[in-house]
Amino acid sequence: MEYSEKVMDHFTNPRNVGELENPSGVGTVGNEKCGDIMRFYIQVTDGVITDAKFKTFGCGAAVATSSIATEMVRGKTLQEAVQISNTAVMEALDGLPAAKAHCSCLAEEALHAALWDYARKNGLDIPGLKPPEETEAE
């Protein structure tokens, strides 16, 4: 399996690992087939994501997609953050092997779950944001 230089860089030097002390939103998702679990934390100030961190239990591609997603979401409005898709995550990493494409879906789902958590806590409706799947990992 061949990984791009960006995937290897984000795997060996992941950005924004950890937890936010008082996050505005937290999303946790898991994939039972591969065992990856991803938790995504966002800090929102005046409708803009000012910080994002992650904790991921999984393969190198799961760590890399989590890492790049935290970079992609910082400085974005809530509406812009909803637009970040698994395809955008894969493109930002210069691609993933087909067998690892599900990791980019997990990154999108974890981000969207954190956005949903924030919206729910604050009584907001973010156009285009759907509730997370009922199969979330706890």
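Predicted model: local features only at pLDDT ≥ 70, side-chain atom pairs only at ≥ 80, totals over all residues.
Biologist: With which residue does Lys 55 form a salt bridge?

Modeller: The general idea comes first. Side chains of opposite charge can pair when their charged atoms come close. Here Lys 55 is joined to Glu 19, and the closest N and O atoms are 2.8 Å apart. This pair links distant parts of the chain, since Lys 55 belongs to strand β3 and Glu 19 to the loop between α1 and β1, 36 residues apart. Glu 19 is also partly exposed, at 48% relative accessibility.

Biologist: How many salt bridges does the structure hold?

Modeller: The structure holds six salt bridges. Another of these joins the side chains of Asp 51 and Arg 74, at 2.4 Å from N to O. Asp 51 lies in strand β3 and Arg 74 in the loop between α2 and α3, so this pair ties together parts that are 23 residues apart in sequence. Arg 74 is partly exposed, with a relative accessible area of 33%.

Biologist: Where do Asp 117 and Arg 120 lie?

Modeller: Both lie in helix α5, which spans residues 101–122, and they are three residues apart, about one turn of the helix. Asp 117 is buried, with a relative accessible area of 9%, whereas Arg 120 is exposed, at 56%. Elsewhere, salt bridges that share partners join Asp 9, Arg 15 and Glu 71 into one network.

Biologist: In which sense do strands β2 and β3 pair, and over how many bridges?

Modeller: Strand β2, residues 37–45, and strand β3, residues 48–57, pair in the antiparallel sense over nine bridges. Within this pairing, Arg 39 stands opposite Lys 55 of β3. The hairpin has two residues between the strands, and Asp 46 takes a positive phi near 50 degrees there.

Biologist: How many disulfides does the structure hold?

Modeller: In general terms, a disulfide is a covalent bond between the sulfur atoms of two cysteines. This structure holds zero disulfides. Cys 103 is in no disulfide, and the nearest cysteine sulfur, that of Cys 59, is 3.7 Å away. The cut-off explains this reading, because the two sulfur atoms must be within 2.5 Å. Cys 103 counts as buried, at 0% relative accessibility.

Biologist: How far is the sulfur of Cys 105 from the closest cysteine sulfur?

Modeller: The distance is 9.0 Å, to the sulfur of Cys 103, which is too far for a bond. Cys 105 is partly exposed, with a relative accessible area of 28%.

Biologist: At what angle do α1 and α2 pack?

Modeller: Two packed helices are described by the angle between their axes and the distance between the axes. For α1 and α2 the angle is about 90 degrees and the axes are 8 Å apart. The two helices are therefore roughly perpendicular to each other. The contact is made by Val 7, His 10 and Phe 11 of α1 and by residues of α2, including Gly 60, Val 63 and Glu 71.

Note on methods:
Residues numbered from 1 in each chain as written. Heavy atoms only, no water. Pairing = 2+ DSSP bridges. Helix = DSSP H or I, 4+ residues; strand = E, 2+ residues; numbered from the N terminus. Salt bridge = Lys/Arg side-chain N within 4 Å of Asp/Glu carboxyl O. Buried < 20%, exposed > 50% of the residue type's maximum accessible area, 1.4 Å probe, protein only. Axes fitted to C-alpha atoms, helices over the stretch in contact; angles between N-to-C directions. Parallel < 35°, antiparallel > 145°, perpendicular 65-115°, else oblique. Contact = heavy atoms within 4.5 Å.
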